[in-house]
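This report sets out the computed geometry of one protein model. It moves from the overall fold to a pocket and then to individual residues.

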Amino acid sequence: MINRIQKQLLDFFVQQNILRGSQIKEIETILAGATDKSLREVLVKGGFLDAEKLATVEAAFWHLPYVNILKEEIDEKVLATLPLSLAENHYAICFKQEGKTLFVAIANPDDYDAREAIDIWASKQGFDIRYA
């Protein structure tokens with residue numbers, strides 16, 4: 001079954017001329033028959049989008065800047081700012097710091113629990129968070 005956010009994201013792909021309506025129907029059919037697959041998995045492994053394109057479009061959908069962290073030079077001290085448990089559990093990485101502002105790339109921008117956990121930690125540490 002496809003949830004509301006997934007439907008909105010798929011509609012966004014059509015609006016942006018990234019996917020066609022027939023592809024959306026195929027994706028919805030795949031998701032309906034496979035409860036163990038995520039939308040991201042179906043889009044990438046199914047050959048509808050490559051991972052890079054998916055990341056850029058999701059960033060636009062969520063009104064976040066897109067950052068390819070593989071191309072970023074990340075200071076080890078900045079990288080270590082976010083506790084490893086938060087980074088691993090929520091697929092997040094701190095890639096830049098400007099004063100008390102941390103820039104955090106998050107793999108699943110629709111994971112509100114991840115954002116909340118990172119925001120709570122940051123607040124306790126006196127940091128502001130900017131997601132990418």
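## Basis of the description

Helices (H or I, at least four residues) and strands (E, at least two) are DSSP runs, numbered from the N terminus. The model is predicted: local features need pLDDT of at least 70, side-chain atom pairs count only at pLDDT 80 or more, and totals for chains, interfaces and linings use all residues. Residues are numbered from 1 along each chain as its sequence is written, and side-chain values use heavy atoms, with hydrogens and water left out.

## Overall architecture

The protein contains 7 helices and 3 strands. Read from the N terminus, the order of these elements is α-α-α-α-α-α-β-β-α-β. The C-alpha trace spans about 50 × 25 × 20 Å along its principal axes.

A contact is defined by heavy atoms within 4.5 Å. Of the contacts between residues at least 6 apart in sequence, 47% join residues at least 24 apart.

## Surface and charge

Buried residues account for 38% of the 132 residues. Accessible areas come from the Shrake-Rupley method with a 1.4 Å probe, and for residues only the protein chains shown count as cover. The accessible surface of the protein is about 8,200 Å², and carbon and sulfur atoms hold 51% of that area.

Lys and Arg count as positive and Asp and Glu as negative, while His and the chain ends are not counted; each charge is placed at NZ of Lys, CZ of Arg, CG of Asp or CD of Glu. On this basis there are 15 positive and 20 negative side chains, and the centres of the two sets lie 4 Å apart.

## The largest pocket

On a 1 Å grid over the protein atoms alone, a pocket is an open set of points where a 1.4 Å probe fits, with protein on both sides within 12 Å along at least five of seven lines; lining residues have an atom within 4 Å of a point. Grid points are joined across faces, edges and corners, and a volume is the space filled by probe spheres set on the points.

The largest pocket holds about 520 Å³ of space. Its lining comprises 22 residues, and those nearest the centre are Ala-55, Tyr-66, Val-67, Ile-106 and Ala-107. Two or more lining residues come from each of α4 (51–61), β1 (92–98) and β2 (101–106). The element that gives the most is α4, with 6 residues.

## Strand β3 and Arg-130

Arg-130 belongs to strand β3 (residues 128–131). Because its relative accessibility is 44%, Arg-130 counts as partly exposed. Leaving aside residues up to four places away in sequence, Arg-130 touches Thr-101, Leu-102, Phe-103 and Val-104. Thr-101 is 29 residues from Arg-130 along the chain, yet their C-alpha atoms are separated by 7.1 Å.

## Loop residues

The loop between α1 (4–15) and α2 (21–33) includes Asn-17, a residue other than glycine with a positive phi near 60 degrees. Asn-17 is classed as exposed because its relative accessibility is 70%. Gln-16 is found in the loop between α1 and α2 and, at 41% relative accessibility, counts as partly exposed. Between Gln-16 and Ser-123, 107 residues apart in sequence, the C-alpha to C-alpha distance is 36 Å.

Tyr-91 lies in the loop between α6 (84–90) and β1. Although Tyr-91 is not a glycine, its phi is positive, at about 50 degrees. With 55% relative accessibility, Tyr-91 counts as exposed.

Notes: Buried means under 20% relative accessible area, exposed over 50%, partly exposed in between (1.4 Å probe, protein chains only).
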